[in-house]
Amino acid sequence: MRISIVGGGYVGLVSATCFADLGHSVILIDIDEDKVDAINCGKPPIYEKCLMELLSSHVGRDLRATSDYGSLVSSDLTLICVGTPPLPDGSADLSIIESASALIGCALKEKETYHVVAVKSTVPPGTTQNLVMPTVLKHSGKNASKIGFVMNPEFLREGLAVQDFMNPDRIVIGSSNELASDTVESAYRGIDAPIVRTGLIAAEMIKYASNAFLATKISFSNEIGNVCKKLGIDVYEVMKGVGLDHRINPYFLNAGLGFGGSCFPKDVSALIHLAERMNVNPVLLRSVIEVNEQQPMKIVEILLKRVEDIKDKRIAVLGLAFKNDTDDVRESRSVLVIMALVSRGALVAAYDPKANVSMRVILPEIEYCESASQALTDADAVLVLTEWSEFGDLDKEFDLMRSRVIIDGRRVLSCKDAEGICW
Ligand SMILES: NC(=O)c1ccc[n+]([C@@H]2O[C@H](COP(=O)([O-])OP(=O)(O)OC[C@H]3O[C@@H](n4cnc5c(N)ncnc54)[C@H](O)[C@@H]3O)[C@@H](O)[C@H]2O)c1
């Protein structure tokens, strides 16, 4: 099948590469010319395990990037993968979805045969039907018999994106149009996963509800963890016992600094906004966000108990990415922690295996180190903020510190004298 993908970020680039690997011919459209050039040279603009190797084996053969929307005319299926960032009121900003839909519509004017447009971006329920569909149809001058619409949410996790795309727990295909749904389903041929066919709006809600539930599990564990800390017990021991209940399962029960990234915070906020618009009071979801906003400050409180005045003290920060195995710092808890340290006059020496460059754009004023050892040298304390596995191997490196105050926000360290945020 010939597939065009609009938006070449974490979701778009991974999807494009994986669809090429499934045997399709893929055109990736992005408005960022630098990104397009990098992709065409086989260099992914993001860090994601296995992506570089997979991209180089397809680019120039069955995968090509361009900024020209006109080239989607030669495809059978277009997947929209542009961003849906949050607006200041917490609702989803759909302006990129709208402009991409208009450009897709204009390009499809020239198309003679049937075409399918599928939304992969996370969008509030109703968006595909009430915004994407009318915008594409208006700009294409066609009716719904010539273009089919599908909502096909993406569930990949950054850091494991290629693996997740190729081995999903399910593939959700939402549409009232059978031909359009069949087209999307056949794009996934070769992937062994249950197919869940729903209506358009239900598919959009499945994605929001999934993210909201996962975020709830994390905030729940953090709240239990905060109580465990006061009781002097280990929340990880507790959650091991809890998670063995098959009705609960052991995943996403890791207490720590809370969730960040480009999805959970914005999607839970957008769902809260949507519920309020529908006159539903989202009590639980508001609490999920509240716990998550308080959690990063817990590690700062522990630090201030151990090192009373951090002004002019060197505080090493290990981990900047919102999670391990990615360079993504969007909504990273590290940003909040570092800002709290800087506002108290601390001298922050930060290190992340992949995210120094992306964090420097947001926080240029701190010191960035080439290694954990460099950050730890002469440090008065260290905070571990991302669960990179290499931090678990740190041992003698802590001897480089001026004072051995080690605080772990992610339960990744193996040294005996680390204090945990919830354990
Ligand atoms: N990142 C994730 O882990 C993840 C997982 C599942 C779903 N999602 C959802 O997928 C969507 C995309 O997320 P992302 O993290 O890949 O975003 P991203 O910001 O990494 O990528 C978006 C890309 O779209 C491009 N773009 C912007 N305007 C454009 C336009 N008009 N035409 C073509 N390209 C345009 C940008 O240059 C960028 O490369 C969001 O709705 C997100 O919520 C993300």
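Trainee: Why is Arg306 called partly exposed?

Mentor: In this predicted model, Arg306 has a relative accessible area of 36%. Buried requires under 20% and exposed requires over 50%, so Arg306, at 36%, belongs to the class in between.

Trainee: What makes the contact between Glu419 and Arg306 a salt bridge?

Mentor: The side chains of these residues come to 2.8 Å, N to O. The limit is 4 Å between a side-chain nitrogen of Lys or Arg and a carboxyl oxygen of Asp or Glu, and the pair therefore qualifies. Glu419 lies in strand S14 (residues 419-420) and Arg306 in helix H11 (residues 283-306), so the bridge ties together parts that are 113 residues apart in sequence. Glu419 is itself partly exposed, with a relative accessible area of 22%.

Trainee: How do you know which classes Lys311 and Asp312 belong to?

Mentor: Lys311 has 49% relative accessibility and counts as partly exposed. Asp312, at 53%, passes the 50% limit and therefore counts as exposed. The side chains of Lys311 and Asp312 also meet in a salt bridge, at 3.7 Å from N to O. Elsewhere, salt bridges that share partners join Glu158, Asp328 and Arg330 into one network.

Trainee: What makes the pair of Glu158 and Arg330 a salt bridge?

Mentor: Their closest N and O atoms are 3.6 Å apart, which is within the limit of 4 Å. Glu158 lies in the loop between strand S6 (147-151) and helix H6 (161-166), whereas Arg330 lies in the loop between strand S9 (314-318) and helix H12 (333-343), so the pair ties together parts that are 172 residues apart in sequence. The structure holds 21 salt bridges.

Trainee: Why is Glu158 called buried?

Mentor: Its relative accessible area is 9%, and buried means under 20%. Arg330, by contrast, has 39% and is therefore partly exposed.

Trainee: What makes up the shell around the ligand?

Mentor: By class, the shell has eleven nonpolar, nine polar and eight charged residues. Helix H1 (10-21) and helix H4 (95-108) each supply at least two of the shell residues.

Trainee: Why is Leu231 called exposed?

Mentor: Leu231 has 59% relative accessibility, and exposed means over 50%, so the label applies. Leu231 is in helix H8 (residues 200-231). Together with Val227 and Ile233, Leu231 forms a nonpolar patch on the surface, with about 270 Å² of accessible area.

Trainee: How do you know that Asn177 caps the N-terminal end of H7?

Mentor: A side-chain oxygen of Asn177 lies 3.0 Å from the backbone nitrogen of Leu179, and 3.5 Å is the limit for a polar contact. The buried residues of helix H7 (residues 178-187) include Ala180, Thr183 and Val184.

Notes:
Residues are numbered from 1 along each chain as its sequence is written. This is a predicted model: local features need pLDDT of at least 70, side-chain atom pairs count only at pLDDT 80 or more; totals for chains, interfaces and linings use all residues. Side-chain values use heavy atoms; hydrogens and water are left out. Helices (H or I, at least four residues) and strands (E, at least two) are DSSP runs, numbered from the N terminus. Ala, Val, Leu, Ile, Met, Phe, Trp, Tyr, Cys and Pro count as nonpolar, Asp, Glu, Lys and Arg as charged, and the others, Gly among them, as polar. Patches are made of residues with over 30% relative accessible area and no salt bridge: like charges are joined within 9 Å, nonpolar side chains (Val, Leu, Ile, Met, Phe, Trp, Tyr) within 5 Å. Accessible areas come from the Shrake-Rupley method with a 1.4 Å probe; for residues, only the protein chains shown count as cover. Buried means under 20% relative accessible area, exposed over 50%, partly exposed in between (1.4 Å probe, protein chains only). A polar contact is a pair of N or O atoms within 3.5 Å; within protein, one must be able to donate a hydrogen and the other to accept it, and residues adjacent in sequence count only if both atoms are side-chain atoms.
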